[in-house]
Amino acid sequence: MERFGFVGLPNAGKSSLYNALTGGSALAAPYAFATTDPNVGVAKIFDDRLDKLAEMSSSKSVIPTSVQFNDIGGLVEGAHSGEGLGNMFLAGIREVDAIVFVLRAFLDSDVPGPTDPLEHLRVLEIELSLADLDAVEKQLDKKTRQAKGDKSLLEDVRFLTLAKETLEEGTPLYRSDMKADDREALKPYFLLTNKPVLAVVNIDEEQLDDVEQIIAPVREELRVAEVFGACIQLEAEAAQLPADERTEMLEGLGLGEGALPRFVRSAYHVLGLRTYFTTGEQESRAWTFRAGAHAPEAAGVIHTDFERGFIRAETIQWDELLELGSWSAAKQVGKIRSEGKDYEVKDGDVLEFLFNV
Ligand SMILES: Nc1nc2c(ncn2[C@@H]2O[C@H](COP(=O)(O)OP(=O)(O)OP(=O)(O)O)[C@@H](O)[C@H]2O)c(=O)[nH]1
Ligand SMILES: [Mg+2]
């Protein structure tokens, strides 16, 4: 399962966000380093399309897809050289597939720490970049020495040098001018700033009307990353409520479904993940596949036998199926397509696989 790690200064609201997303009960407290060991949990991805299909099929169970969120301890200035939770913290980030910056904007005199999200971002980017610089310099030394005997390593020396120059300027790789190919080539070095990033700016209730204004400078600074404004505490409280009360509370505040479902969907997207569905009386279920996957690979998400013995897939887009009312009705009017192993599965496809092992 894909993993996202929350990265932020102490008291930014990482554990609160974790609780809101996973329904967990991580300690959220107004002092630094309330979190030491990472909290690891799973968030279901709310998907309206799945609910509609389940309703159409009168499914007994509804199974959404999910992603994993890791709530890592707070980072402070000097973390790259071991300050605060230092190395333990960095190890926590190394493990994840993408980084979610949690930046505080909420004002609360009972919760110590800066309240300018840009200041948060600056500290985080410096620490991550310095940690990467350290790793890159070591690798560059090593590869330069080895390249004397093995010319094939000159290419590594070239892109490591580029990375070093970028990081020395204090620019994280995710928003550098480095070419996509060179960033791809750096993947085996597991650099922190070579991962995709998103950011959540944690605002208070009173700031809800000015959210766009508050997050604009962060958006400008991060450029490549998607930035969300959310009142995490409020959404964490809402998450504790039964579904209908939650909707009522959030809509009462003019928040629609809340900022977090949007954030999760976009996190999912940032990693190139897509969803297809299966639907029937027993269950309706959402499945995760990688953008660009062909039908056998997508089938393999359900069971490796489906991939091994793949014969063909029957498919229709979810909204077309809904309109026709049922699989058999769609079949009768010839709207269910039969696709072979070269079919590139699309987000929102409803699928049935035929296989033989
Ligand atoms: N007023 C206000 N307080 C908040 C908000 N979000 C979080 N808090 C409070 O801020 C404090 C810190 O929140 P946490 O979620 O523990 O922060 P953290 O980032 O996990 O902190 P560390 O684990 O120490 O790094 C807690 O007392 C929260 O209740 C918010 O939107 N508004
Ligand atoms: Mg915490």
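Helix α9 (residues 243-252) is followed by Gly254, whose phi is positive, near 75 degrees; helices (H or I, at least four residues) and strands (E, at least two) are DSSP runs numbered from the N terminus. Of the ten residues of α9, one is buried, so the helix lies largely in the open. A residue is termed buried if 20 or more other C-beta atoms, placed from the backbone, lie within 10 Å of its own, exposed if 12 or fewer do, and partly exposed in between. The model is a predicted one, in which local features need pLDDT of at least 70 and side-chain atom pairs count only at pLDDT 80 or more, whereas totals for chains, interfaces and linings use all residues. Residues are numbered from 1 along each chain as its sequence is written, and chains are lettered from A and ligands numbered from 1 in the order in which they are written.

Strand β5 (residues 98-104) is mostly covered, with six of its seven residues buried. Strand β1 (residues 3-7) pairs with β5 in the parallel sense over four bridges, pairing being assigned if DSSP finds at least two bridges between two strands. Within β5, Val100 is the bridge partner of Phe6. Strand β6 (residues 197-202) also runs parallel to β5 and is joined to it by six bridges; in β6, Leu198 is the bridge partner of Val100.

The protein chain is divided into domain 1 (3-269) and domain 2 (292-355), with bounds from an automatic or database domain assignment. Their C-alpha centres lie 34 Å apart. Four residues of domain 1 are in contact with six residues of domain 2, contact requiring C-beta atoms, placed from the backbone, within 7 Å.

Conventions
Contact = placed C-beta atoms within 7 Å.
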